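Here is a short briefing on the chain shown below.

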Amino acid sequence: MKEGPKPCSDPIIRQKLQNSTTVVAAVGEDVKLPCWVTSGRLLYWLKNNKTLDRFYMRVRVKFNRYLRIKRVRKEDAGFLYLCQQKNECGNTDSFTWNVSLTGK
């Protein structure tokens, strides 16, 4: 018996259960933006609607876990960081973080 295509499960990002999407840090601190994925496959990050290069010196992406910005700078703040997930069928889910700096 031949099987048909398997149904796709909707991608789910767990942070949507949280109320706050802003991370506050002082210049020079490391910032961690979690993005826990419970289903789906492809995960990528956007900064200001542009794909973030995960090989940028101060950015580290832990697949299906988080984005870390090392030694945050003024130019890292004020942008939206979007964690987006896509499954095999093209369905997407996303979550947005904002980085804000304290007055140090």
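**Fold and overall figures**

Read along the sequence, the chain follows the pattern β-β-β-β-β-β-β-β-β-β. That comes to 10 strands and 0 helices. The model is predicted.

- The chain has 104 residues, and buried residues make up 33% of them.
- Take the contacts between residues at least 6 apart in sequence: 64% of these join residues at least 24 apart.
- The accessible surface comes to about 7,100 Å². Carbon and sulfur atoms account for 50% of that surface.

**Salt bridges around D76**

- The count for the chain comes to 3 salt bridges.
- D76 pairs with K47, and the closest N and O atoms are 3.9 Å apart.
- Are D76 and R58 buried or exposed? Both D76 and R58 are buried.
- Why does D76 count as buried? Its relative accessibility is 5%, and the cut-off for buried is under 20%, so D76 falls in that class.

- R73 and E75 meet through their side chains in a salt bridge of 3.6 Å, N to O.
- R73 is partly exposed, with a relative accessible area of 37%.
- E75 is partly exposed too, at 45%.
- Which residues do salt bridges with shared partners join into one network? They are K47, R58 and D76.

**Positive surface patch**

- Which residues form the positive surface patch? They are K32, R60, K62, R65, K70 and R71.
- K62, one of these patch residues, lies in strand β7 (residues 59-62).
- K62 has 37% relative accessibility, so it counts as partly exposed.
- R71, another member of the patch, is placed in the loop between β8 and β9.
- The relative accessible area of R71 is 49%, so R71 is partly exposed.

- D30 lies in the loop between β2 (22-25) and β3 (31-34).
- With 42% relative accessibility, D30 counts as partly exposed.
- Which residues does D30 contact, leaving aside its neighbours within four places in sequence? The contacts are R68, I69, K70 and R71. Of these, K70 and R71 are also listed in the positive patch.
- D30 and R73 are 43 residues apart along the chain, and their C-alpha atoms are separated by 9.6 Å.

**Positive phi angles**

- N48 is a residue other than glycine, yet its phi is positive, near 55 degrees.
- N48 is found in the loop between β5 and β6.
- At 43% relative accessibility, N48 counts as partly exposed.
- R71 is not a glycine either, and it has a positive phi of about 50 degrees.

Definitions and conventions:
Residues are numbered from 1 along each chain as its sequence is written. This is a predicted model: local features need pLDDT of at least 70, side-chain atom pairs count only at pLDDT 80 or more; totals for chains, interfaces and linings use all residues. Side-chain values use heavy atoms; hydrogens and water are left out. Helices (H or I, at least four residues) and strands (E, at least two) are DSSP runs, numbered from the N terminus. Buried means under 20% relative accessible area, exposed over 50%, partly exposed in between (1.4 Å probe, protein chains only). Contact means heavy atoms within 4.5 Å. Accessible areas come from the Shrake-Rupley method with a 1.4 Å probe; for residues, only the protein chains shown count as cover. Patches are made of residues with over 30% relative accessible area and no salt bridge: like charges are joined within 9 Å, nonpolar side chains (Val, Leu, Ile, Met, Phe, Trp, Tyr) within 5 Å. A salt bridge is a side-chain nitrogen of Lys or Arg within 4 Å of a carboxyl oxygen of Asp or Glu. Lys and Arg count as positive and Asp and Glu as negative; His and the chain ends are not counted. The place of a charge is taken as NZ of Lys, CZ of Arg, CG of Asp or CD of Glu.
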